[in-house]
Amino acid sequence: LTGEVATIGAALDDFEARAHAVERGLHELPAFGALGALVGRWRRLCAPLQQLSLPLMRSRHWTQVMALLRTRLSVGTRDFLLGELVSAGLEEFAEAVGDLADDA
């Protein structure tokens with residue numbers, strides 16, 4: 001997951017650089033604002049995703065993450081996808097998840 005998070009971060013950087021270069025008039029379009037909000041959301045998700053991908057994360061830490069998110073995750077299975085963390089509200093608990101990962 002570490003490499004994937006780095007790839008996501010690089011893609012966000014590239015998109016933001018290109019968006020900044022767009023004509024001023026386009027910045028006022030509702031779609032531009034919505035896209036900017038989506039990029040911001042993924043930007044906020046990168047740090048906790050990076051922390052959760054650390055090899056130090058053990059099953060006890062994932063149990064704590066699931067308790068924090070108030071959901072069951074399919075950690076350690078082929079079914080465990082990024083969408084599960086996003087749907088569970090990882091963004092809202094980014095700081096707390098970071099604290100759990102720091103304690104790992």
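Q: Why is R43 called partly exposed?
A: Check its number against the cut-offs: buried is under 20% relative accessible area, exposed is over 50%, and partly exposed is in between (1.4 Å probe, protein chains only). R43 comes out at 30% relative accessibility, so it counts as partly exposed.

Q: What kind of model do these values come from?
A: This is a predicted model, where local features need pLDDT of at least 70, side-chain atom pairs count only at pLDDT 80 or more, and totals for chains, interfaces and linings use all residues. Residues are numbered from 1 along each chain as its sequence is written, and side-chain values use heavy atoms, with hydrogens and water left out.

Q: How do you know that D13 forms a salt bridge with R43?
A: The rule asks for a side-chain nitrogen of Lys or Arg within 4 Å of a carboxyl oxygen of Asp or Glu. For D13 and R43, the closest N and O atoms are 2.8 Å apart, so the pair passes the 4 Å limit.

Q: What does the pair of D13 and R43 tie together?
A: D13 sits in helix 1 and R43 in helix 3, so the bridge links parts that are 30 residues apart in sequence. Helices here are DSSP runs (H or I, at least four residues), numbered from the N terminus. As for D13, its relative accessible area is 45%, so it is partly exposed.

Q: Which residue's side chain meets R41 in a salt bridge?
A: That would be E91, with N to O at 2.8 Å. R41 lies in helix 3 and E91 in the loop between helix 5 and helix 6, so parts that are 50 residues apart in sequence get tied together.

Q: How do you know that the side chains of R44 and E91 meet in a salt bridge?
A: Their N to O distance is 2.7 Å, and the limit is 4 Å, so the pair qualifies. R44 is in helix 3, so its bridge to the E91 loop spans 47 residues in sequence. The structure holds five salt bridges.

Q: Is E91 buried or partly exposed?
A: Its relative accessible area is 23%, so E91 is partly exposed.

Q: What makes P30 exposed?
A: P30 has a relative accessible area of 70%, so it is exposed. You'll find P30 in helix 3.

Q: What makes the pair of W62 and F80 edge-to-face?
A: Rings of Phe, Tyr and Trp (its six-membered ring) pair if their centres lie within 6.5 Å; planes under 30 degrees apart are stacked, over 60 edge-to-face, and the rest tilted. The centres of W62 and F80 are 5.6 Å apart and the planes are at 85°, so edge-to-face it is. W62 lies in helix 4 and F80 in the loop between helix 4 and helix 5, so the pair joins parts 18 residues apart in sequence.

Q: How many residues does the largest nonpolar core have?
A: It has 20 residues, and among those with the most contacts inside it are W62 and L52. A nonpolar core is a set of buried Ala, Val, Leu, Ile, Met, Phe, Trp, Tyr and Cys residues joined through side-chain atoms within 4.5 Å. Helix 3 gives the most to this core, with five residues.

Conventions:
Helix = DSSP H or I, 4+ residues; strand = E, 2+ residues; numbered from the N terminus.
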